[in-house]
Amino acid sequence: MVSRPRSILIIEDDLDLRRLLVKFLASEDYDVRVADNVANAMTELFNGVRFDLAIVDFWLGSETAVSVIDRIYGELPNLPFIVISGGNDVMDLELTQAIADISGAISFLQKPFTKSAFMKVVGAALRAN
Amino acid sequence: MSPIGNDKSAIASVVLMERIVRDIYPSKKSSAIQPLQWSILRYLMRMPVDRREQRWIANFLGLTGAPVTRALRTLETRGLVSQQKSETDNRAKTFSLTDAGVAVLESDPILRVARLISSWPLEHQELFARSIRTLALDCEQLNGEPTKKHSDN
C-alpha cells in the first residue's frame, strides 16, 4: 500500500526563508504548500487540504500569527503546529515562546536555524501526531 | 454593583499580579538564584546544545551580552552550569546544566504556581491562559509597533 506524502503548510512572510524551507521539506518528499500572510494562511488551512503539520512564523509583517494559531487550535485540533520566530524589537523570544506554548504549539524554533535543527523538529512533530 | 468592569477592579487585578510575581521569588538574598538566572537555567534545560551559546541566550531573553555573561558566571561559580568549547565554532563556548543545575530546576519557584494553575478546572485554566495571553500581547503593543525583525526572520 502506498501512503500519501505528508502534507505541510508553511506560513512565513519572508520570501527567502519560505523558499528555503520549501527546499528543505521537498528534498525529503513532503508535500508542501505555502502562505505569506494571515489571509492566505486561512485560505490554505480551510480549502479542504488535509495538512499533517503547519509551520507558523509568529510575526507576519507587523501582525502576529495569533489569529491563525487560534483557528488551528480551535477548528483543526488534529493539526499540530510549530511556531518559528527570531523575535523583534517589541517582543523577546522568551515571551514569544510562552505565547506559543500557551496557544498550543507543539514546538518552538528560534531563528535562524540549520536544516538539521529544522528537520529534527519537523520529524518530532509528525511522529508525535 | 459588580466590581468587575471598573478601573478599581482592573487596578486591583494588576496589584494582585504584581504581588504574586514578587512572591514567587521569596528570597531576596544575594545568595539566592535570581529571576534572570532562573530564566537561563530554564533555557539551558530546554534548548539543544547548538543554541546554548551566550549570544543565543541573550537573543532569546532580549538582553545585551553583559548581564547574561555575569549571570552565567555566577551560575558556573555555584556549580549549576558548566562551559564547553562549541563543536561548531572554536571561538565560542556552549553552556550546559550540571547535575546540580538539573536538580535545582526541580525546585524552580514558578513550578509552585504552575501546579496551582494545573489543579484548576479546565475551563478556568483556558480562561486564564486566554486572558494572560491577551494581556501580554497588549502590553507588548504598548511598547511600540514592531519595526524590525531580528536574525533573518
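Biologist: Where is Tyr43(B) placed, and is it buried or exposed in this predicted model?
Modeller: The model is predicted. Tyr43(B) belongs to helix H2 of chain B. Its relative accessible area is 2%. Buried means under 20%, so Tyr43(B) is buried.

Biologist: What separates the C-alpha atoms of Tyr43(B) and Leu61(B)?
Modeller: These two residues are 18 apart along the chain. Leu61(B) is one of the buried residues of helix H3 of chain B. The C-alpha separation from Tyr43(B) to Leu61(B) is 9.2 Å.

Biologist: Which elements do the buried residues of H3(B) pack against?
Modeller: The buried residues of H3(B), residues 54-61, are Trp56(B), Ile57(B), Ala58(B), Phe60(B) and Leu61(B). On chain A they pack against helix H4 (93-102) and strand S7 (107-110). On chain B they pack against helix H2 (35-46) and helix H4 (65-77).

Biologist: Which charged end sits over the ring of Trp56(B)?
Modeller: Trp56(B) is among the buried residues of H3(B). The charged end lies 3.8 Å from the centre of the Trp56(B) ring. It belongs to Arg51(B).

Biologist: Which residues have the most contacts inside the largest nonpolar core?
Modeller: This core has 54 residues. Leaving aside neighbours within four places in sequence, Leu41(B) touches Ile33(B), Leu75(B), Leu80(B), Val81(B), Leu97(B), Val104(B) and Leu105(B). A second, separate core of 20 residues includes Leu21(A), Tyr30(A), Met119(A) and Leu126(A). In the largest core, the residues with the most contacts are Ile40(B) and Leu41(B).

Biologist: In what sense do S1(A) and S2(A) pair, and what is the hand of the crossover?
Modeller: Strands S1 (residues 7-11) and S2 (residues 31-35) of chain A pair in the parallel sense over 5 bridges. The chain passes from S1(A) through helix H1 (residues 15-26) to S2(A). This β-α-β crossover is right-handed.

Biologist: What phi does Asp29(A) have?
Modeller: Most residues other than glycine have a negative phi. Asp29(A) lies in the loop between H1 and S2 of chain A. At 63% relative accessibility it counts as exposed. Asp29(A) is not a glycine, yet its phi is positive, about 65°.

Biologist: Which residues does the cis peptide bond join?
Modeller: Most peptide bonds are trans. Here omega is about -10°. Pro112(A) lies in the loop between S7 and helix H5 (115-128) of chain A. The cis bond joins Lys111(A) and Pro112(A).

Definitions and conventions: Residues numbered from 1 in each chain as written. Chains lettered and ligands numbered in written order. Predicted model: local features only at pLDDT ≥ 70, side-chain atom pairs only at ≥ 80, totals over all residues. Heavy atoms only, no water. Pairing = 2+ DSSP bridges. Helix = DSSP H or I, 4+ residues; strand = E, 2+ residues; numbered from the N terminus. Right-handed = clockwise from strand over helix to strand, strands pointing away. Buried < 20%, exposed > 50% of the residue type's maximum accessible area, 1.4 Å probe, protein only. Contact = heavy atoms within 4.5 Å. Lys NZ or Arg CZ within 6 Å of the ring centre and 35° of its normal. Core = buried A, V, L, I, M, F, W, Y, C linked by side-chain atoms within 4.5 Å.
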